[in-house]
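This report walks through selected local features of one protein chain. Please keep the sequence and the 3D view at hand while reading.

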Amino acid sequence: MTPPIRSLPVLVRPLAGESAVGLLMRLANENGLSYPWLFERIAGGRHNPDNWGDAQWQTLADIMMLDVTELDEMRCRPVDDPHMRNVVTFLGTTVRRTYLTFDRMRVCPHCIAEGGVMREVWKLAHWTACIEHHTLLVDSCDCGRPLHIIRRGTDLDGPTGQCVCGKPFAAIATQPASEHALAATQWLVQLFGPRLTATAPRLWLDDRRLDPPFDGLSRTIAPDVVPFDIDDFDLPAIELPLAQTRPMHAIDALGIIELIGRVATTPSTADRPRKIRNLNLAGREGAIEPIDVTIPRIEAAMAVIAGWPTSWHEIVAQVAGRNPESGRETPVHLFATDMGRLVLDPYLGVDGYPITVLSDETRRWLEERGYRLKPQSVARSSGVAQRLLGVLPLRDIAKRLRGRIGPGVRRSYHQAIRELDRTDTSGMTDEQLADALLARVRELVEAVERHVSVNVIAETLCSRDRRTGGAVWVDPRLIQPVSIEMIANTRFKGDVFSLSDIEAMGERLAKAARRVRSDRIPNKFERYGDVAQETVSTLYTASDLIVDILSGEVPSVTTVKEPTLADLWIPRHAVEGLALAARVRAVVTADKFMTQTTIAEITRRLWGERHRELTKRMARLRDTSAVRFEESLDEKNDKVRYRTAIADCLREAEAMFGPTAIEGVDAVLKDIKRLGDRVAA
């Protein structure tokens with residue numbers, strides 16, 4: 001076990017904007033240590049501080065004789081807020097975790113050469129340029145290797161590190177930054193402040209403001225405004241720092257740059273068709289790309305921002321209609337591609353709404369071309385609604401339905417009004433028209449209540465404690481989604497299911513499972529979840545297992561009256577047999593050629609240790625052409641490798657050992673034998 005360290009002879013203090021890696025490099029260098037050795041003593045080999053827990057940070061604080069809160073600015077901790085998904089703390093504010101590079105290191109070689117600190121802000125994926133030296137950051141050495149946090153065992157060249165090829169980070173070649181890349185960095189300095197980004201104020205205060213609406217993107221005031229201290233500025237006392245009115249949150253700014261950059265740089269040939277709408281993504285997903293991929297997106301985004309809103313309208317026009325098969329009837333049809341969906345449904349901002357500046361401008365572009373994202377108010381556009389306004393308004397309908405004005409009632413009311421507008425109501429009195437409207441609204445509301453989302457399937461049939469897993473029931477043999485043309489049901493973003501179908505399936509599940517007392521559960525029966533986790537695969541799915549339980553192929557017991565899958569107990573050996581039969585059926589149907597090791601593993605599970613006799617006879621079977629095989633030369637080991645047809649091997653094994661006593665497997669073996677007899681005849 002690596003012994004911990006309690007203290008060091010020379011102590012250093014964290015600098016403003018310094019990264020944890022830079023701090024540890026300085027600490028190791030001042031004490032004549034290698035920083036891999038220091039990492040090992042502090043974190044037990046976890047060389048990336050972004051993966052540290054509270055214990056490792058407390059150890060570092062104790063060694064440096066600091067309060068652990070003094071290290072908060074260089075820590076990335078998850079935000080415990082259900083409304084802030086995938087968000088971490090970063091430089092005094094919060095950002096999406098996917099916007100940080102973490103293990104993919106970026107540096108400015110000129111800053112390092114001048115003795116500057118290793119900056120935490122370089123970790124930000126959208127920070128691609130150094131405004132002090134007007135050069136682009138680098139994430140790889142001249143030799144082509146990516147930069148890594150720990151690459152050397154000794155520290156002979158100072159605290160800033162070097163590549164494995166021996167070149168110091170400070171000596172890596174750089175490229176000049178474009179005007180737009182520098183503008184993006186200046187904008188980000190405004191968000192995080194000059195102190196935490198280790199940026200001299202003189203570099204960004206002149207011409208620092210972007211034009212509206214980019215001086216404030218959120219609908220709401222950001223909850224964690226970057227504070228400014230006059231002592232941080234190298235300015236005369238009479239000159240005030242950047243005003244803090246209507247601040248823009250970092251999450252909004254980064255989402256704007258990311259989305260515009262992606263849409264502007266994705267060619268039509270790479271823009272895939274998409275039929276469904278986005279579920280309002282919180283931001284970019286997936287791994288961080290190399291900086292040479294990010295830079296063109298940043299430059300394109302800032303070019304669009306500089307020409308706003310005309311430049312955004314041009315982008316929208318380029319994306320519109322890329323999927324000709326979808327048509328142009330509605331905005332959803334017009335933007336039926338990946339990039340089109342981002343235009344129509346932008347990322348969520350810090351306030352929980354799609355980023356306003358993008359959605360508002362897209363709406364303006366659509367309205368100029370006759371599209372409407374929301375229908376006009378029914379009360380102002382419908383003759384029936386105006387006629388019944390004093391006779392049967394919506395609130396009275398809600399009262400008669402013994403409910404409140406919720407989304408289902410409102411949508412049902414709007415649809416019923418539209419249907420009556422399309423019919424001839426001139427011969428109806430106001431009372432008759434009101435009765436017809438109420439009857440139709442009641443019918444639509446009942447239809448809404450009879451149809452639910454897949455989450456209800458999960459709660460009703462999978463487990464009462466969770467809202468996931470319902471998709472295993474969506475199968476032609478179990479429950480299928482239903483088509484509902486009524487606009488009143490548009491509250492469902494995914495498939496819609498009939499509540500009666502779900503209730504009927506619950507009754508089938510209760511009938512299939514034998515109810516017993518908790519002390520009478522058979523010995524070899526295990527919980528459904530434990531068995532399914534280890535036996536379900538792509539060849540024998542969870543839906544297959546449920547079908548076998550309902551049919552009685554897999555016996556099940558339960559201790560409750562109305563069981564879900566989580567309440568079932570089933571025999572593992574029965575499920576393993578069915579899963580094995582599905583695997584055998586799949587490889588035989590595909591006529592797979594397999595290695596001797598794989599064949600031995602399958603035959604061992606079917607016939608036990610007797611499978612060794614088949615292995616010993618395999619060479620003779622190949623020589624007599626009893627089995628088909630392929631051979632290849634393993635030049636490295638100077639051996640001939642064989643791959644044999646699994647169907648032929650199973651046929652020979654069945655002839656040697658007899659049936660397997662696994663019903664599904666024996667049926668497949670009989671089919672193989674019949675096929676072989678026909679070929680021989």
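## A cis bond between two helices

Pro309 is found in the loop that runs between helix H7 (291-306) and helix H8 (310-319). The peptide bond joining Trp308 and Pro309 is cis, with omega at about 0°. The model is a predicted one, and every value in this report is computed from it.

Leu91 is not a glycine, yet its phi is positive, at about 50°. Leu91 sits in the loop between S1 and strand S2 (93-96).

## Salt bridges

The structure contains 29 salt bridges. One of them is formed by the side chains of Glu70 and Arg13, at 2.6 Å from N to O. This pair ties together distant parts of the chain, as the two residues are 57 residues apart. Glu70 belongs to the loop between helix H3 (54-63) and strand S1 (87-90), while Arg13 belongs to the segment before helix H1 (20-30).

## Cavities

Four cavities of 30 Å³ or more are counted. The second largest cavity has a volume of about 220 Å³.

The lining of the second largest cavity is made up of 18 residues. Ser19, Val21, Phe102, Met105 and Lys123 are the ones that lie nearest its centre. Sorted by class, this lining has nine nonpolar, six charged and three polar residues.

Strands of a sheet pair through backbone hydrogen bonds, and the pairing can be parallel or antiparallel. Four strands make an open sheet with mixed pairing, in the order S7-S9-S10-S8. Its edge strands are strand S7 (514-515) and strand S8 (525-527), each of which pairs on one side only.

S8 and strand S10 (residues 568-571) run antiparallel and are joined by three bridges. Within this pairing, Arg527 has Trp569 in S10 as its bridge partner. Helix H19 (residues 528-535) packs on the sheet and touches S8 and S10. The direction of helix H19 makes about 90° with that of S8.

How many bridges join strand S12 to strand S13? Six bridges link strand S12 (residues 629-634) with strand S13 (residues 639-645), and the two run antiparallel. Glu630 has Arg643 in S13 as its bridge partner, and Asp634 stands opposite Lys639 in S13.

The hairpin has four residues between the strands. In this hairpin, Asp638 takes a positive phi near 55°.

Terms used:
Residues numbered from 1 in each chain as written. Predicted model: local features only at pLDDT ≥ 70, side-chain atom pairs only at ≥ 80, totals over all residues. Heavy atoms only, no water. Pairing = 2+ DSSP bridges. Contact = heavy atoms within 4.5 Å. Axes fitted to C-alpha atoms, helices over the stretch in contact; angles between N-to-C directions. 1 Å grid on protein atoms, 1.4 Å probe; cavity = no way out; pocket = protein on both sides within 12 Å on 5 of 7 lines; lining within 4 Å. Points joined across faces, edges and corners; volume = space filled by probe spheres on them. Nonpolar A, V, L, I, M, F, W, Y, C, P; charged D, E, K, R; others polar. Salt bridge = Lys/Arg side-chain N within 4 Å of Asp/Glu carboxyl O.
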